[in-house]
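Below are some notes to read alongside the coordinates, in the order I would walk through them.

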Amino acid sequence: MAEVTKLIHKYLRHDKKFPHVWCPGCGIGIMLGSLIRAIDECGYNKDEIVLVSGIGCTGRMPVYVDFNTLHTTHGRALTFATGIKLANPALKVIVVMGDGDAVAIGGNHFIHAARRNVDISTVILNNSVYGMTGGQYSPTTPYGMKTTTSPYSNVEQSFNISELAVAAGAVFVARGTVYHAKMLDGLMEMTFKKKGFSVIEVIGHCHTQYGKLNRMGSAVEMMKWQKEHAVTVEKATQMKDDELKDKFRIGVLVDKELPVFHEEYEKIRRWAKEAK
Amino acid sequence: MSFRYDIRLSGSGGQGLILMGIILAEAIGIYDGKFVSQTQSYGPEARGGSSKAEVVLSDTEIDYPKAMSLDLLLAMNQKSCDDYYMDLKNDGILIVDSTFVNQVPIQKAFRIPFTRIARENLKREMVANIVALGAIAKLTTIVTPKAIEAAVMARVPKGTEKLNRDALKAGMNAAMKAQKASVPQMLSERVDEDT
Amino acid sequence: MSDSKKKKAPNIDIFRAWCKACGICVAFCPAGVLARDEGGYPYVKEPDKCISCGWCEMRCPDFAITVYNKDKKRNFENDYPEERQGK
Amino acid sequence: MKKKTKKELLLQGNEAIVEGALRAGCRFFAGYPITPATEISELLSVRLPQVDGTFIQMEDEIASMGAIIGASLAGAKSMTATSGPGFSLMQENLGYAVIAEVPCVIVDAMRGGPSTGLPTFPSQSDVMQARWGTHGDHPIIVLCPSTVRECYDITIRAFNMAEKFRTPVIILVDEVVAHMREKISIDEDEDIEIFNRVKPTVPPEWYIPYEDTPRGVPAMANFGDGYRYHVTGLTHDIRGFPTSRPDEIDPFIRRLFRKISQHFAELHMGEFFETDDAEITIIAYGCVARSAKRAARDARERGLKVGALKLNTIWPFMRTPVEKVLQTSKIIIVPEMNMGQISREVKRVNKTDAKVFTINKVDGTIITPEEILRKIKEVR
């Protein structure tokens, strides 16, 4: 067994039923591989990691990996994660969510966790659709696309998850794709290493629902689409606006420093004891 | 049968009635060592409109915590006097702030201008409630002057102790001058009917 | 390839039990090593062409493929220009 | 000078809940402001950091409930406090705490509803929301204090029960009890039983996080203790992994019920007040229990044999004590500040000839002793 797979197997729960639950060719599996490699690269101990998820396809991820794992209610993963981090700041808390999970039902929690700068690494798989429930439109479904609940066409504007995270105050925001798996490893690692509320948006694909309804082809075709439409942040600076029109940027979008909640709260504890 | 004494402090929001209730309850309960329960009308009323705080004291555990028929009613404005005097027992005491209450429904009420005293003698209208507490301590036997002073000192903001002590004294003095009325039996004098 | 000596073809293991035949490994193999059988499952068609880049392994959503080359420690950065992440 | 450990304090019900929570070992609170529960947040924001605990004001009640579950999983005894509308928002995650067996305490300071209802007026209309608010079959423990002292004691008991039975425990208070001030004495040296969750003692590889035990309550490892396991809101097997096997689902759901039902005697708290010879018994809880006691006293003064049964445990329903008074009294009166949520239960368990009458008040004011007396005269 080569290093990559061997390494991944080190972190899997082999008493769980494999192959996993996701459709053939689903990007979540690729993202899971990236996540495991990044965790390994960071050198975390399995016991100190808490992997929290919400509901949906992405929500099924924690069950497969051998960490402290928590599969919460739909959209609420960040609230549980906030409680975990504040009750035991020694834990490394990683949250995985889908696009509907993170910015529809969990939108409020997402912006507030970012604003508060709780030390949580957030991985959001954006496949532009609600996959598990059968392909309904999500807040990231682009205008004009078809889904099972926008059979004529989606007339809503979509969220840009990374820009939302930036606006809400996240200290680190990156975007990658499952096609660019190696780059994703690196971005993921940076996301985990960043202290504070860090976000990585992973552009994935749902060929089973979204791809089929919009005639975008197989997983392979959709990954080719990612390859063709992704532009690195560095390259984008040299491109004109009309060249960038149907492209999206990948790479590190924001990296800044702000006080972290649980460290600030230590000050409150000190003041409270002084005032006692 | 155990002893029970029901007090209602009423007026308008901002007159400090809830704080009065807390101080009175603390004086009676903590410093005088009796059973006490204090309730209040809460919410929007506390910020304008009418406001009331109730204190029930007893020598035994209190079952119903709200005031029933009143042994003492303090009315700090006309409306509360009009609204509540009907709840007063026959031998109950009515104390009104004569600054605001012009029409008093019963003869044997104590009329003391708490707000005017606070405004003119103490230069701080906000201590009218403490002036009234001083009067209550003097006009009734439900709380000892020592207890009320200790309770006031424990609850008022730092730096205002002298002002509040003066306010209490002013209330007591005003009460001395006020006409004497029938005062219910003192707790200590009561014969315990249960034994 | 810096390795000028006689090249040893890397072992490519396909773990059929976990493979879902999505076709990603075949489609993105830069050297055309892999092909799909009748059922869509990948198999190693041209083992000698393998450059040990490991991309099939990286992109397999099911952890079902392994490239193992004893001789060489893989370095992704220098593997294959087209796949170099747009840098 | 030796520090005095016994303190006599004039406290609000809400303040006594805070004291009780801290005494029980609560070290994490997440909440969202809502009348009439706000004092609990305010006071804990002062007190928790002093004892190295954490207070956080979340963006809503959904988040608050999620945060206390997370904190509990990480090892902290945790609590939130809210009122009717916020309690509704917590219901989804409350169910999560039930199925994932996460100890935590939820205070609901009841107010009139539905919806925004009567924010600052007392009510007892969340009795059924506390029982059945979250979806699915589930057992639940709900406690209800009627004095400030009970606010303190019951909060401690609530934490103990939560930890002991690995379950969320709800404290229902009404506005009267939440805001009422009474004297209580708190002795820091007093020997009060504090229960802490049972942690696994086996090596991590032997740990079965949702194992059935005679007690029905599996040992609970905290995240970070080295026992890596999976926690999910999905119906799960004994290892915590999702299951859809009927032979695993059934015993699991039944165990959730059994761990509560086999400890009824321990969970039931209440008070019989002169019920032994009572021909009429008033069954009440919360602030109304005090009116009931008063009414019973007044009635006895008038020569009527009236007693009162106070319920401090609302759920699981105190069937045995209620059946006892149903057997001894000819008439039962259930006064409540709702349209009849507990009286339905009393009628449900009534297998005797005793007649059950209700007093239902929903106007935002407390049921007075006179109103109960009037009913006694009417039905006698």
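**Notes on the predicted model**

1. Let me begin with a proline in chain D. D:Pro36 sits in the loop that runs between strand E2 (26-31) and helix H2 (38-47) of chain D.

2. D:Pro114 belongs to the loop between strand E5 (104-110) and helix H5 (127-132) of chain D. Most peptide bonds are trans, and most residues other than glycine have a negative phi.

3. On the subject of phi, have a look at chain C. C:Phe63 is not a glycine, yet its phi is positive, near 50°. You will find C:Phe63 in the loop between helix H2 (55-59) and strand E4 (65-68) of chain C.

4. Now to the chains as a set. Which two chains share the most contacts? Of the three pairs of chains in contact, that pair is A and D. Chains C and D, by contrast, are joined by no contact, and their closest C-alpha atoms lie 20 Å apart. Chains B and C also have no contact joining them, with 58 Å between their closest C-alpha atoms.

5. A helix pair spans chains A and D. The axes of helix H3 (residues 77-87) of chain A and helix H3 (residues 61-73) of chain D come within 6 Å and cross at roughly 45°. H3(A) and H3(D) are therefore oblique to each other, and H3(A) passes H3(D) in a right-handed crossing. On the chain A side the contact is made by A:Thr79, A:Phe80, A:Gly83, A:Ile84 and A:Ala87; the residues from H3(D) include D:Ile62, D:Gly66 and D:Ile69.

6. In chain B, the axes of helix H3 (residues 114-121) and helix H4 (residues 128-139) come within 8 Å and cross at roughly 120°. H3(B) and H4(B) are therefore oblique to each other. The contact is made by B:Phe114, B:Thr115, B:Ile117 and B:Ala118 of H3(B) with B:Ala128, B:Val131, B:Ala132 and B:Ala135 of H4(B). Its residues divide into seven nonpolar, one polar and no charged.

7. Finally, the largest pocket, which has a volume of about 670 Å³. Of the 29 residues that line it, the closest to its centre are A:Asn126, A:Pro142, A:Ile203, A:Trp225 and A:Phe248. Helix H6 (161-168), strand E8 (198-203), helix H9 (219-229) and strand E10 (248-255) of chain A each supply at least two lining residues. The lining divides into 12 nonpolar, 10 polar and seven charged residues.

Technical notes: Residues are numbered from 1 along each chain as its sequence is written. Chains are lettered from A and ligands numbered from 1 in the order in which they are written. This is a predicted model: local features need pLDDT of at least 70, side-chain atom pairs count only at pLDDT 80 or more; totals for chains, interfaces and linings use all residues. Side-chain values use heavy atoms; hydrogens and water are left out. Axes are lines fitted to C-alpha atoms, for helices over the stretch in contact, and angles run from 0 to 180 degrees between N-to-C directions. Helices (H or I, at least four residues) and strands (E, at least two) are DSSP runs, numbered from the N terminus. Angles under 35 degrees count as roughly parallel, over 145 as roughly antiparallel, 65 to 115 as roughly perpendicular and the rest as oblique. Contact means heavy atoms within 4.5 Å. Ala, Val, Leu, Ile, Met, Phe, Trp, Tyr, Cys and Pro count as nonpolar, Asp, Glu, Lys and Arg as charged, and the others, Gly among them, as polar. On a 1 Å grid over the protein atoms alone, a cavity is a set of points where a 1.4 Å probe fits but cannot get out, and a pocket is an open set with protein on both sides within 12 Å along at least five of seven lines; lining residues have an atom within 4 Å of a point. Grid points are joined across faces, edges and corners, and a volume is the space filled by probe spheres set on the points. A crossing is left-handed if the near helix is turned anticlockwise from the far one by less than a right angle, and right-handed if clockwise.
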